[in-house]
Each structure stands twice: as structure tokens, then as C-alpha cells.
Amino acid sequence: MDDCIFCRIVRGELPASKIHEDAHTLSFMNIMAAHPGHALVIVKPHVDNILDLDDSLAAAVFQSTARVARAVKAATGCDGVTLFQANEVAGGQTVFHFHIHVLPRFTDDRLLPFWPASAPPRDALDAMAARLRSALAGDA
Ligand code: 5GP
Ligand code: ZN
């Protein structure tokens, strides 16, 4: 992935303010920060999004994310931490190399809008759970 911004950061071709690195993941500051301390955790190999993430990389990236979240909390003194992770254009993804945002949050910062929610009837929840179980069974 010659042109991918995050691959270029992994290869050291573009600058990044690095926080943490291990064999499978790299963490660095977001250049567009919602709050100071807004970090990104990426997988080192090029993977477009969560739909292509294998189990070992998924484990590695979440382990790094947990460590970075604790560091963000300790270093910024924030009141809370939100993880944000977008996949595909419709999911809000703008850089198509898998990454997790680690966002320091402050009481009443009104940073993220919450979606309008309805409470589906139990039979609708059961029917959707069955569809998802079938999808999982095909993903063994
Ligand atoms: P997404 O919208 O895909 O969830 O998040 C992509 C994020 O990557 C954005 O928040 C954007 O600020 C960040 N970003 C884009 N280009 C660069 C870059 O060159 N360096 C860093 N550190 N972050 C970047
Ligand atoms: Zn990439």
C-alpha cells in the first residue's frame, strides 16, 4: 500500500508523534484532535478495516488500545475515555487503514452526538440475533 498515509507512517516516511509501538501495532497522536490527547492506535500491516482484521491482530490492537487509554487518562486527567472506530465510507471512515481513536472526554464536553434510539419489540431482537448467529456460523 504505497500511498496509504498510515502505512507511510509505519515505514517512517511521514512524521508522527509516537506513543507506543510493538510488533503488530503503532500508536501516535492524531493531527486533528478533538481534545489534546486524542490518540490513534493502528495495526502495522495494511488492513482496510475491521471486516478484514484477523484474530491475532484484533487481539494485539485492543491490547495496545487498552494500554494507550490508561496512558491518556493518566496524562490528561480526563474524566472519561471514548473509543471510536469507523469502517467504510458509510461508517464514517476517512483513512482506510484500520485504526482505533482513543478520545479523552470531559464532563459535559458534548463531543459526540448520540443517535436517536428506539426499543424494538423482543421478537424483532430475537429475529435479528438469529440472523447474526447465522452470519457468525458462516465466519468460522
Ligand atoms: P477516521 O475518520 O478514518 O476514523 O479517522 C482518520 C483520522 O486520521 C482522522 O481523525 C485524521 O485526523 C487522522 N489523520 C489523517 N491523516 C493523518 C496523518 O497524516 N497523521 C496523523 N497522525 N493522523 C492523521
Ligand atoms: Zn495502510
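The following conversation is about a predicted model of a protein with a ligand.

Student: How many helices and strands does the protein have?
Tutor: The protein has 3 helices and 5 strands. Helices (H or I, at least four residues) and strands (E, at least two) are DSSP runs, numbered from the N terminus.

Student: Which pattern do they follow along the sequence?
Tutor: The pattern is α-β-β-β-α-β-β-α. The C-alpha trace spans about 50 × 40 × 25 Å along its principal axes.

Student: Let us turn to pockets. How much space lies in the largest pocket?
Tutor: The largest pocket holds about 330 Å³ of space. On a 1 Å grid over the protein atoms alone, a cavity is a set of points where a 1.4 Å probe fits but cannot get out, while a pocket is an open set with protein on both sides within 12 Å along at least five of seven lines; lining residues have an atom within 4 Å of a point. Grid points are joined across faces, edges and corners, and a volume is the space filled by probe spheres set on the points.

Student: Which residues are closest to the centre of the largest pocket?
Tutor: They are F6, N30, I31, L40 and V95, out of 19 lining residues. Helix 1 (5-10), strand 2 (25-29) and strand 5 (99-105) are the elements that give two or more residues to this lining, and the largest share, 3 residues, comes from helix 1.

Student: What classes of residue make up that lining?
Tutor: The lining of the largest pocket has 12 nonpolar, 7 polar and no charged residues. Ala, Val, Leu, Ile, Met, Phe, Trp, Tyr, Cys and Pro count as nonpolar, Asp, Glu, Lys and Arg as charged, and the others, Gly among them, as polar.

Student: Where does ligand 1 sit?
Tutor: Ligand 1 takes the space of the largest pocket; the rule is that more than half of a molecule's atoms lie within 2 Å of the grid points.

Student: Which residues are the closest to ligand 1?
Tutor: M29, N30, T94, H99 and H101 are the closest of the 16 residues that surround ligand 1, where a residue counts if one of its heavy atoms lies within 4 Å. Helix 1 gives the most to this shell, with 3 residues.

Student: New topic: where is K44 found?
Tutor: K44 lies in the loop between strand 3 (39-43) and helix 2. The side chains of K44 and E21 are joined by a polar contact of 2.9 Å, meaning a pair of N or O atoms within 3.5 Å; within protein, one must be able to donate a hydrogen and the other to accept it, and residues adjacent in sequence count only if both atoms are side-chain atoms.

Terms used
Residues are numbered from 1 along each chain as its sequence is written. Chains are lettered from A and ligands numbered from 1 in the order in which they are written. This is a predicted model: local features need pLDDT of at least 70, side-chain atom pairs count only at pLDDT 80 or more; totals for chains, interfaces and linings use all residues. Side-chain values use heavy atoms; hydrogens and water are left out.
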